[in-house]
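My notes follow the order in which I checked things.

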Amino acid sequence: MVSHAYAARTAPTNVKGARVLVVEARYYEDLSDELLAGAEGALAAAEAVATVVTVPGALEIPAAIAILVEAAARAGQPYDAVVALGCVIRGETGHYDIVAGESARALMDLSVTLRLPLGNGILTVETEAQAQARARVAELNKGGGAAEAALAVLSLKRDASAASVGED
């Protein structure tokens, strides 16, 4: 069996003070608590500043991100990165496929279109036991991993911007 154990990594050094929007779906509250704890821990370790917003489910996350990112930019306080947190557990109908696929597609569209570093921490699993293992900070810590992914892309973005400033 392949191990998917979460390994702590060093946070990028050029993300201190970054403004990060965290949008979490609270459909499965116990899982949401773990995902959020992981994300907040990773953001705190990087000395980033988190704003947490709650929505009902995974399908609401992309719209909330689009609305809040635009509002923050208009207010002159843009977010540097975004983290999406939630969980979709397969049920007896095809609803799972729609929610999992459409939320992931919309997040990718937002990230690419807006050039916005975005960590996707929406779990898509078969069972609640799988979700628990992935959400728990002491196990796979996918919330922390999503925050670290967003910060890694933000670091890349900042490095690329700094490099292009020095070019002639």
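**Sheet and cores**

I started with strand β3 (residues 81-89), which pairs with β4 in the parallel sense over eight bridges. Strands (E, at least two residues) and helices (H or I, at least four) are DSSP runs numbered from the N terminus, and I count two strands as paired if DSSP finds at least two bridges between them. Within this pair, G86 sits opposite I122 in β4.

Caveats for my own use: this is a predicted model, where local features need pLDDT of at least 70 and side-chain atom pairs count only at pLDDT 80 or more, while totals for chains, interfaces and linings use all residues. Numbering runs from 1 along each chain as its sequence is written, and side-chain values use heavy atoms, with hydrogens and water left out.

Next I looked up the strand order: the open sheet has four strands, β2-β1-β3-β4, with parallel pairing. β2 (49-55) and β4 (118-125) are at the edges with a single partner strand each, so one side of each lacks a neighbour in the sheet.

Of its 26 residues, V20, V83, L85 and L151 touch the most other members. I found that α1 gives the most to this core, six residues. A second, separate core has 22 residues, including A25, V88, Y96 and I122.

Terms used:
A nonpolar core is a set of buried Ala, Val, Leu, Ile, Met, Phe, Trp, Tyr and Cys residues joined through side-chain atoms within 4.5 Å. Buried means under 20% relative accessible area, exposed over 50%, partly exposed in between (1.4 Å probe, protein chains only).
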